[in-house]
Amino acid sequence: MSKDNTIHDFELDLICDYYSSMERQGPGSPEMTKRALEFIPFLSNDAEILDIGCGTGGQTMTIAKNTQAKITGLDLFPKFIDIFNRNAATHGFQNRVKGMVGKMEDLPFPKESFDVIWSEGAIYNIGFLRGMKEWYEFIKKDGYIAVSEAVWLTDERPDEIHKFWTEAYPEIDTISVKIDQMQSSGYLPIAAFLLPENCWTTHFYDLHEAAQNIFLKKYAGNKTAEELVEYESFGKDMYEKYKAYYSYVFFIGKKI
């Protein structure tokens, strides 16, 4: 393994274990989750939200605290869902917040089941355009989609960071391209806002050190585990060096 590897070169179970001790599995913050919610009209206790790629549910619990809606969290990893459901019970949300194992590319729900589909930092797993198109069918008429997605902030960027991101996520593109893709998929774009730097530092990379200590202790002597930690540390270095060129943006659209 080397810096030329991408996150896709590591076993999924190993990646899951690395992130399982973290509240969030990608950049974001409770404040930005709440800000995205402000663009969606009042959700009654009959409203249904699907959080796709929910991870351990950090953002899901924020949604639950700020709405009365019923929320389903869906993730590929059973370990994340176990933690998700424990977190829901800890917060007293177990009667309206449920996690389940499932694939985002094969949603096990009837069409038009949800008032809102939510996905923070996870749509890249299926691809932004594909996710927009396929998830559309599961949203009720006049319902909403809210996702955060990696984007370029400039039209040009240094070769090193261009290579790093295009190998990790070939569909990374500019904000305007993403908005066009949302609109072409049948949504009225409602809002797009940039996640501030603390979503990457305070709420994400600063938490990696503790996670890495737990992870390396569990996998002492495991070369692949050590390489995963090195890769994640390299990602942090790339952000510190090139944060002017990329970030995450929250996109909110209405199904029309």
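The legends below describe several views of one predicted protein model.

**View 1. The fold as a whole, in a predicted model.** The model is predicted, and local features need pLDDT of at least 70, side-chain atom pairs count only at pLDDT 80 or more, and totals for chains, interfaces and linings use all residues. Residues are numbered from 1 along each chain as its sequence is written, and side-chain values use heavy atoms, with hydrogens and water left out. The protein has nine helices and eight strands, which are DSSP runs numbered from the N terminus (helices H or I, at least four residues; strands E, at least two). Along its principal axes the C-alpha trace spans about 50 × 45 × 30 Å.

View 2. Of the 256 residues of the protein, 53% count as buried, meaning under 20% relative accessible area with a 1.4 Å probe and protein chains only. Among contacts (heavy atoms within 4.5 Å) between residues at least 6 apart in sequence, 77% join residues at least 24 apart.

**View 3. Helix 3 and its surroundings.** Helix 3 (residues 58-66) is largely enclosed by the rest of the structure, because seven of its nine residues are buried. The buried residues are Gly58, Gln59, Thr60, Met61, Thr62, Ile63 and Ala64. These buried residues pack against helix 2 (30-37) and helix 4 (78-90), and also against strand 1 (48-52), strand 2 (70-75), strand 3 (97-101) and strand 4 (114-120).

How values were computed
Buried means under 20% relative accessible area, exposed over 50%, partly exposed in between (1.4 Å probe, protein chains only).
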